[in-house]
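Colleague: I have a model open and want to understand its fold before planning anything. Can you walk me through it?

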Amino acid sequence: MRAVRLTHWGGPPVVTEVDRPTPRGEEVLLRVEAAGLCGSDLHVLDAGPGALPYRTPFTLGHEVAGRVAEQGPDATGPRTGERVVVYGPWGCGRCGRCSAGAENYCDRRPALDAAGTGTGGGLGRDGGLADFLLVPSARLLLPVGGLDPTQAAPLSDAGLTAYHAVAGIRPAWGGTEGGAGTSVAVIGVGGLGHLAIQILRAVTAAQVLAVDVRDEAIALAHDCGAHFGTVVRPDTAEVLRGRTGGAGVDAVLDFVGTSATLQLAVRALRPGGDLALVGSGGGELTVRKPGALPPGLRLSLPFWGTRPELLEVVALARSGAVRVETSLLPLTDAPAAIGALRAGGIRGRAVLVPD
């Protein structure tokens, strides 16, 4: 079968042929119908030797949807031919958090990393930028019904991570009905940010304010239902505060994560506000009391999401409340698609389809 592989650290993605795997035990073989590209793929490709606890070579791709092709003798769950999406963070499957569906926060993840075997498809283990994907257990497969696989695949990370970030800030709104009267700034309207806007509109009554450096991204934000959008400029924090009567926004979802976006978030937040740092842009904040951070600030570092949350995201997509803006490309064009992603030339999410 064909696969897009990282053959050595620092090397380019290579489209090559590998043996089609055979499922054993509880394993399930998935015929891939769509696989999304993510900024995390760039972090993997750009990592130097020893930077990540994985061993090369392995197949890239952690946003995957397809149909069950074959099951191991001990496998349960979705039947052959059923269309599914793959839950991306693969934990131990046995600890308390994994048992509750939160494999993204698996208690044994440090041990799994130390073993060097990888913690998900495309993350040390063979992923879904291929004709077939071998999944360790059916517990990692969620049925999607008639949802188009090119829509389902990006939900497994871009949709799930955005949903998890939104779920993390909502409890802070207390008794306000659905967040009525609150405001949320979304910084970065890319693959995750454009879905976060739709999720906020679908599950909250908050005013959604979008920020990006690109005019086309602000246009996408408006298409996704943002109440207001602005390109970054020197007075962006004051502009956002002006939309809240001067008090500041109740929450910021930062899908970029540079020092510049973090400083913008801090300046725009009201006291007691929430900052969810989702993007991996390498920015830093100095945490000191007293200091420059808003009093009462709550900072979170959302990582992926839970299996129950993925079910909720899929339900939103099937209802039509959430739709991924996709750029569809054939699997064999993966190197060019990765280059376009690196150059910022993708609107929404790039999705590769086996051709």
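**Sheet, helices and core**

Modeller: Strand 11 (residues 183–187) and strand 14 (residues 249–254) pair in the parallel sense over four bridges. Strands are DSSP runs of E, at least two residues long, and helices are runs of H or I, at least four long, both numbered from the N terminus. Two strands pair if DSSP finds at least two bridges between them. This is a predicted model, where local features need pLDDT of at least 70, side-chain atom pairs need 80 or more, and totals for chains, interfaces and linings use all residues. Residues are numbered from 1 along each chain as its sequence is written, and side-chain values use heavy atoms, without hydrogens and water.

Colleague: Which residue of strand 14 is the bridge partner of Val-184?

Modeller: Strands 11 and 14 pair in the parallel sense. Within that pairing, Val-184 has its bridge partner in strand 14, and the partner is Ala-251.

Colleague: What is the strand order of the open six-stranded sheet?

Modeller: The pairing is parallel. Strand 13 (228–231) and strand 16 (298–300) each have a single partner strand, so they stand at the edges, with one side of each left without a neighbour in the sheet. Neighbouring strands are turned by 15 degrees against each other on average, direction ignored. The order is 13-12-11-14-15-16.

Colleague: What angle does helix 6 make with strand 13?

Modeller: Helix 6 (residues 215–223) packs on the sheet and touches strand 12 (207–212) as well as strand 13. Contact here means heavy atoms within 4.5 Å. Axes are lines fitted to C-alpha atoms, for helices over the stretch in contact, and angles run from 0 to 180 degrees between N-to-C directions. The angle is about 175 degrees.

Colleague: Which residues do ring pairs link into a cluster?

Modeller: Rings of Phe, Tyr and Trp (its six-membered ring) pair if their centres lie within 6.5 Å; planes under 30 degrees apart are stacked, over 60 edge-to-face, the rest tilted. Trp-9 and Phe-58 are edge-to-face, 6.2 Å centre to centre with 65 degrees between the planes. Tyr-54 and Phe-58 have centres 6.1 Å apart and planes at 85 degrees, so this pair is edge-to-face too. The cluster is Trp-9, Tyr-54 and Phe-58.

Colleague: How many residues apart in sequence are the parts that Trp-9 and Phe-58 tie together?

Modeller: Trp-9 is buried, and so is Phe-58. Trp-9 lies in the loop between strand 1 (2–6) and strand 2 (13–17), and Phe-58 in strand 4 (residues 58–59), so the parts tied together are 49 residues apart.

Colleague: Is Ile-346 buried or exposed?

Modeller: Ile-346 lies in the loop between helix 10 (334–342) and strand 18 (349–353). Beyond residues up to four places away in sequence, it touches Arg-214, Ser-327, Ala-340 and Leu-341. Its relative accessibility is 13%, so Ile-346 counts as buried.

Colleague: What percentage of the protein's 355 residues count as buried?

Modeller: There are 10 helices and 18 strands in the protein. The C-alpha trace spans about 60 × 40 × 40 Å along its principal axes. The buried share of the 355 residues is 53%.

Definitions and conventions. Buried < 20%, exposed > 50% of the residue type's maximum accessible area, 1.4 Å probe, protein only.
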